[in-house]
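Colleague: I'd like to learn how to read a fold like this one from the strands up. Could you walk me through it?

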Amino acid sequence: MTRARAATKPGKRRREKFYLTYPKKLVREPLIYWCSRKFDVVTNIRSASVAEHIGIIALELDGSREAIDAAVAWFREQGVTVEPIEKNVIE
């Protein structure tokens, strides 16, 4: 069994979508990059609108329930507002 498979063994993989709203102080921070490095999730930016004063990103996270929950909690700890996107809004 590969290392990546062993890391995802505890939970079934799933895909969830979220709106991330970055405040001005975080707009230039590579948080999505760091999220993908810190947690066993695949990130996929579905749409984004980023300006100097705010960033709004539709982000898809693919991973186990535990990894997605940890990534969402981490984004919130950084100061990002995270809201789930209802299914089929962005396809």
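This is a predicted model: local features need pLDDT of at least 70, side-chain atom pairs count only at pLDDT 80 or more; totals for chains, interfaces and linings use all residues.

Modeller: Residues are numbered from 1 along each chain as its sequence is written, and side-chain values use heavy atoms, with hydrogens and water left out.

Colleague: What pattern does the protein follow along the sequence?

Modeller: Helices (H or I, at least four residues) and strands (E, at least two) are DSSP runs, numbered from the N terminus. Here there are three helices and four strands, and the pattern reads α-β-α-β-β-α-β.

Colleague: In what order do the strands form the sheet?

Modeller: In general, strands of a sheet pair through backbone hydrogen bonds, either parallel or antiparallel. The pairing criterion is that DSSP finds at least two bridges between two strands. In this model the four strands make an open sheet, ordered S2-S3-S1-S4, with antiparallel pairing. S2 and S4 (81-84) are the edge strands, each pairing on one side only. From one strand to the next, the twist averages 25°.

Colleague: And how many bridges join S1 to S3?

Modeller: Eleven, with the two strands running antiparallel. Within that pairing, Phe18 stands opposite Leu59 in S3. S2 (residues 41-50) and S3 (residues 54-64) are antiparallel too, over nine bridges, and a three-residue hairpin joins S2 to S3. There, Thr43 has Leu61 of S3 as its bridge partner.

Colleague: Take Lys17 next. Is it buried or exposed?

Modeller: The cut-offs are under 20% relative accessible area for buried and over 50% for exposed, with partly exposed in between (1.4 Å probe, protein chains only). Lys17 lies in strand S1 (residues 13-23) and is buried, at a relative accessible area of 16%.

Colleague: What about Glu16?

Modeller: Glu16 is also in S1. As a rule, side chains in a regular strand alternate between the two faces of the sheet. Glu16 counts as buried because its relative accessible area is 18%. Contact means heavy atoms within 4.5 Å; beyond neighbours within four places in sequence, Glu16 contacts Leu59, Glu60, Leu61, Arg65 and Ile68.

Colleague: Which strands does each of the packed helices touch?

Modeller: For directions, axes are lines fitted to C-alpha atoms, for helices over the stretch in contact, and angles run from 0 to 180 degrees between N-to-C directions. H3 packs on the sheet against S1, S2, S3 and S4, its direction making about 155° with that of S3. H2 packs on the sheet as well, touching S1, S2 and S3, at about 170° to the direction of S2.

Colleague: How do H2 and H3 meet each other?

Modeller: The axes of H2 (residues 31-38) and H3 (residues 65-78) come within 10 Å and cross at roughly 140°. Angles under 35 degrees count as roughly parallel, over 145 as roughly antiparallel, 65 to 115 as roughly perpendicular and the rest as oblique, so H2 and H3 are oblique. On the H2 side the contact uses Leu31, Ile32, Trp34, Cys35 and Lys38, and on the H3 side Ala71, Trp74, Phe75 and Gln78.

Colleague: Last one: how much of the protein is buried?

Modeller: Of its 91 residues, 37% count as buried.
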